[in-house]
Amino acid sequence: MLKRIHAAIAAVALGGAVLVALPATAGAATAAGLSDLTVSPSPVVVGSGAGTTATFTYKASDKGAARLIDRDGRTVPLDPAPAGSGAYTAKYGFTFSDEPGVWTLQVRADGGSATKEFQVHWTTDLDFDAAPDVVDKGDRIKLSGTLTYRNGAGPQAYDGQKVYIAFKPVDGSYSRVGSVTTDRNGRFSLDQTADRTGWWRAEFEGASDAEPATSDSDKVDVKVKAKTSRTRITGFDASPEPVDAGKTLRVRGRLEISGVAGWSGYPGRQVKILFKPAGGYRWQYVTSDWTDSHGRFSADVRARTSGWWRAEFTGATGAGYSASATDYVTVRVPRPTPPPPAPKANTRIVQFNASPEPVEYHKYLTFRGKLQVWDHPWEGYGHQRVTVWFKKPGGSWHYVKTLWTNSTGAFWGKTKASASGYWRVVFGGNGEAGSSKSRSDWVRVKR
């Protein structure tokens with residue numbers, strides 16, 4: 001299962017459609033007229049942002065009702081149309097916003113209901129490497145790679161999945177020799193004894209929500225063992241990760257050689273730094289460094305695109321070839337800074353008046369005024385909402401009611417007077433114009 005996408009998607013119908021109420025039954029049709037539920041293509045594979053459109057068909061004497069149900073119980077209504085010969089058909093476009101996994105087509109017609117399960121898959125990719133490319137017979141080779149799946153955000157690590165390692169000798173065919181489980185970064189690694197020349201590859205059988213994948217083949221030539229010391233590259237790392245495009249990336253590690261006393265640093269040797277971009281097939285030489293007295297090496301490179309890094313020692317007299325493990329680094333492209341928002345136009349409220357003054361208790365008090373906006377020069381601001389506020393002496397302002405300006409910006413309204421105090425009108429502003437408020441107008445209420 002795609003563990004990184006198992007959070008349930010909110011159960012809403014796409015496009016604002018109304019959900020069709022159907023019983024959650026399973027199995028074959030219960031009425032003789034409802035039959036032949038089909039899904040095409042099956043499985044439905046979503047491999048790009050454009051999505052994939054699936055077609056659903058069934059036979060019945062009437063249209064009935066149909067819907068789709070994903071593995072989390074979210075329902076999507078369908079609108080079947082007659083297709084001739086008693087058949088009905090409907091379509092639905094699956095995208096990365098739809099949860100992958102086991103879905104159910106559910107149809108109710110002819111007094112019965114029927115269901116059909118099908119799978120929605122996301123595509124996967126397998127990057128694989130067998131190193132070294134040339135090795136002495138009986139030595140160990142490292143088989144490693146990364147399994148990813150694709151969603152709307154691009155390649156994502158696919159963890160906890162079984163990946164099979166297959167080998168094909170010269171003049172032979174592929175057969176599986178072992179398996180390994182991907183870690184939380186989607187990576188896997190396996191050491192194997194080299195006994196004959198041939199090609200290695202990784203195979204993923206797929207899952208209920210993901211397509212199978214097979215990596216490119218990588219050939220390893222096995223030679224008769226020479227009397228040379230073994231070497232290895234340990235502690236290889238490319239950091240920081242992730243890194244912004246154009247920033248410096250530091251790669252480092254240690255070259256070691258085997259001897260009577262065990263492994264020790266191998267000084268004064270050139271180590272190459274190689275890079276393979278995401279989706280690429282070839283390792284590219286980038287730079288190199290010479291090991292210090294402890295066998296350590298390091299180099300600073302410019303981060304340009306996401307991909308895999310590794311170090312390689314080509315060997316020397318009395319010392320064999322070795323290569324480090326690969327390290328994947330994501331390179332982020334900074335988003336451009338959005339332009340500052342355009343300044344809002346100034347507004348003002350003029351000619352505001354609350355009358356009559358004084359006013360008798362529970363008689364109507366009338367408000368008049370005009371909202372203007374600065375457009376070189378001031379102009380009436382029509383069809384805008386303004387609010388009326390009241391404050392007793394020594395008190396605070398309280399909302400009373402809402403008025404709307406006419407086409408010239410003028411507004412008018414009334415309310416019953418209950419207490420003496422101050423009145424004013426406020427315009428809250430909008431996306432193009434700023435807020436403003438009128439002067440305060442004192443009105444005495446006579447009892």
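In which sense do strand 1 and strand 3 (residues 52–59) pair, and over how many bridges? The first legend answers this question.

Figure 1. Strand 1 and strand 3 are antiparallel partners, joined over four bridges. The model shown is predicted; local features need pLDDT of at least 70, side-chain atom pairs count only at pLDDT 80 or more, and totals for chains, interfaces and linings use all residues. Residues are numbered from 1 along each chain as its sequence is written, and side-chain values use heavy atoms, with hydrogens and water left out. Strands are DSSP runs of E with at least two residues, numbered from the N terminus, and two strands pair if DSSP finds at least two bridges between them. Ser40 has Thr55 in strand 3 as its bridge partner. The open sheet consists of four strands in the order 1-3-7-6, with antiparallel pairing. Its edge strands, strand 1 (35–40) and strand 6 (81–84), each pair on one side only. On average, neighbouring strands of this sheet are turned by 30° against each other, direction ignored; the axes behind this angle are lines fitted to C-alpha atoms, and angles in general run from 0 to 180 degrees between N-to-C directions.

**Figure 2. Strand 12 and its pairing partners.** Nine of the 12 residues of strand 12 are buried, so this strand is largely enclosed by the rest of the structure. Here buried means under 20% relative accessible area, exposed means over 50%, and partly exposed lies in between (1.4 Å probe, protein chains only). Strand 12 runs antiparallel to strand 10, and eight bridges join the two. Within strand 12, Thr148 is the residue opposite Asp125. Strand 12 also pairs with strand 16 (residues 187–193) in the antiparallel sense, over seven bridges; Ile141 has Gln192 of strand 16 as its bridge partner. Tyr149 faces Gln156 of strand 13. Strand 12 and strand 13 make a hairpin, with two residues between them.

**Figure 3. The largest pocket and its lining.** This pocket has a volume of about 990 Å³. Of the 38 residues that line the largest pocket, Asp127, Thr146, Thr148, Trp308 and Tyr328 are the closest to its centre. On a 1 Å grid over the protein atoms alone, a pocket is an open set of points where a 1.4 Å probe fits, with protein on both sides within 12 Å along at least five of seven lines; lining residues have an atom within 4 Å of a point. Grid points are joined across faces, edges and corners, and the volume is the space filled by probe spheres set on the points. Strands that each supply at least two lining residues include strand 10 (124–131), strand 12 (140–151) and strand 27 (307–313). Strand 10 gives the largest share of the lining, six residues. The lining comprises 12 nonpolar, 12 polar and 14 charged residues. In this classification, Ala, Val, Leu, Ile, Met, Phe, Trp, Tyr, Cys and Pro count as nonpolar, Asp, Glu, Lys and Arg as charged, and the others, Gly among them, as polar.

**Figure 4. The second largest pocket.** Its volume is about 620 Å³. Among the 26 residues of its lining, Pro132, Arg140, Thr231, Tyr321 and Ser322 lie nearest the centre. Strand 11 (134–136), strand 12, strand 20 (231–239) and strand 28 (322–323) each contribute at least two residues to this lining. By class, the lining holds 11 nonpolar, six polar and nine charged residues.

Figure 5. The whole structure contains 22 salt bridges, each defined as a side-chain nitrogen of Lys or Arg within 4 Å of a carboxyl oxygen of Asp or Glu. One of them joins Asp209 and Arg71, whose closest N and O atoms are 3.0 Å apart. This pair links distant parts of the chain, 138 residues apart: Asp209 lies in the loop between strand 17 (198–204) and strand 18 (213–214), and Arg71 in the loop between strand 4 (65–69) and strand 5 (75–78). Asp209 is buried, because its relative accessible area is 0%, whereas Arg71, at 24%, counts as partly exposed. Arg74 and Asp98 form another salt bridge (2.6 Å, N to O). Arg74 is buried at 3% relative accessible area, and Asp98 is buried at 1%.
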